[in-house]
Amino acid sequence: MPGIDGKALILAFSALGAGLAMIGGLGTGIGQGIAAGKAAEAVARQPEAQGDIIRTLLLGDAIAETSAIYCLIIALILIFANPLLRLL
C-alpha cells in the first residue's frame, strides 16, 4: 500500500491483536460471575457446606483467572515489546 510502511502496518495489526486478545478477559469475567452466583445459591441451600463451596469456588476462579492473565500478558507484549518489529 502506498504511504504505509511495514512498521506502521505491524503496529496497527498488533494493536488490533491486543484488542482481540482481551476478549478472553471478557469471557473470564462472565464465567466467574456465573460461578459466584451459583455458589451463593448453593450456600443458601446448604449453609453447612459453606466451607467446601467457597474452597471449590476460589479454586475454580483461580484457574479461570489464569486465562485472563495470559490474555493480558499477550496484549501487553504485542503493544510494548512487539517481537514482530525485529523481523523488519
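**Figure 1. Gln-50 lies in helix α3.** We start with one residue of this predicted model. Gln-50 counts as partly exposed, with a relative accessibility of 43%. Now look for Gly-3, which is 47 residues away from Gln-50 along the chain.

**Figure 2. Helix α3 spans residues 50-80.** Which residues of α3 are buried? They are Ile-53, Leu-57, Asp-61, Ala-68, Cys-71, Ala-75 and Leu-78. These buried residues of α3 pack against both α1 and α2.

**Figure 3. Asp-52 and Arg-55 form a salt bridge.** Side chains of opposite charge can pair when their charged atoms come close. Here the side chains of Asp-52 and Arg-55 meet, with 3.0 Å from N to O. Where do the two residues sit relative to each other in helix α3? Asp-52 and Arg-55 are 3 residues apart in this helix, so about one helical turn separates them. Asp-52 is partly exposed, at 46% relative accessible area, while Arg-55 counts as exposed, at 56%. The count for the model comes to 1 salt bridge.

**Figure 4. Helix α2 covers residues 23-45.** With 23 residues, α2 reaches 34 Å from its first C-alpha to its last, close to the 33 Å expected at 1.5 Å a residue. Its buried residues are Thr-28, Gln-32, Ala-39, Ala-42 and Val-43. Which helix do the buried residues of α2 pack against? Their packing partner is α3.

**Figure 5. Here is a closer look at Thr-28 in helix α2.** Is Thr-28 buried or exposed? Its relative accessible area is 7%, and the cut-off for buried is under 20%, so Thr-28 is buried. Leaving aside residues up to four places away in sequence, Thr-28 touches Ala-64, Glu-65, Ser-67 and Ala-68. One of these, Ala-68, is itself among the buried residues of α3.

**Figure 6. Helix α1 packs with helix α2.** Two packed helices are described by the angle between their axes and the distance between the axes. For α1 (residues 6-21) and α2, the angle is about 10° and the axes are 4 Å apart. Angles under 35 degrees count as roughly parallel, so α1 and α2 are roughly parallel to each other. Which residues make the contact? Gly-19, Leu-20 and Ala-21 of α1 meet Ile-23, Gly-24 and Gly-25 of α2. Sorted by class, the contact has 3 nonpolar residues, 3 polar ones and no charged ones.

**Figure 7. Helix α1 also meets helix α3.** The axes of α1 and α3 cross at roughly 170° and come within 8 Å. Since angles over 145 degrees count as roughly antiparallel, α1 is roughly antiparallel to α3. From α1, the contact involves Ser-14, Gly-17, Ala-18 and Ala-21. From α3, the contact residues are Cys-71, Ile-74, Ala-75, Leu-78 and Ile-79. How many residues of each class take part in the contact of α1 with α3? There are 7 nonpolar residues, 2 polar ones and no charged ones. Among the α3 residues here, Cys-71, Ala-75 and Leu-78 are buried.

Notes. Residues numbered from 1 in each chain as written. Predicted model: local features only at pLDDT ≥ 70, side-chain atom pairs only at ≥ 80, totals over all residues. Heavy atoms only, no water. Salt bridge = Lys/Arg side-chain N within 4 Å of Asp/Glu carboxyl O. Buried < 20%, exposed > 50% of the residue type's maximum accessible area, 1.4 Å probe, protein only. Expected span 1.5 Å × (residues − 1). Contact = heavy atoms within 4.5 Å. Axes fitted to C-alpha atoms, helices over the stretch in contact; angles between N-to-C directions. Parallel < 35°, antiparallel > 145°, perpendicular 65-115°, else oblique. Nonpolar A, V, L, I, M, F, W, Y, C, P; charged D, E, K, R; others polar.
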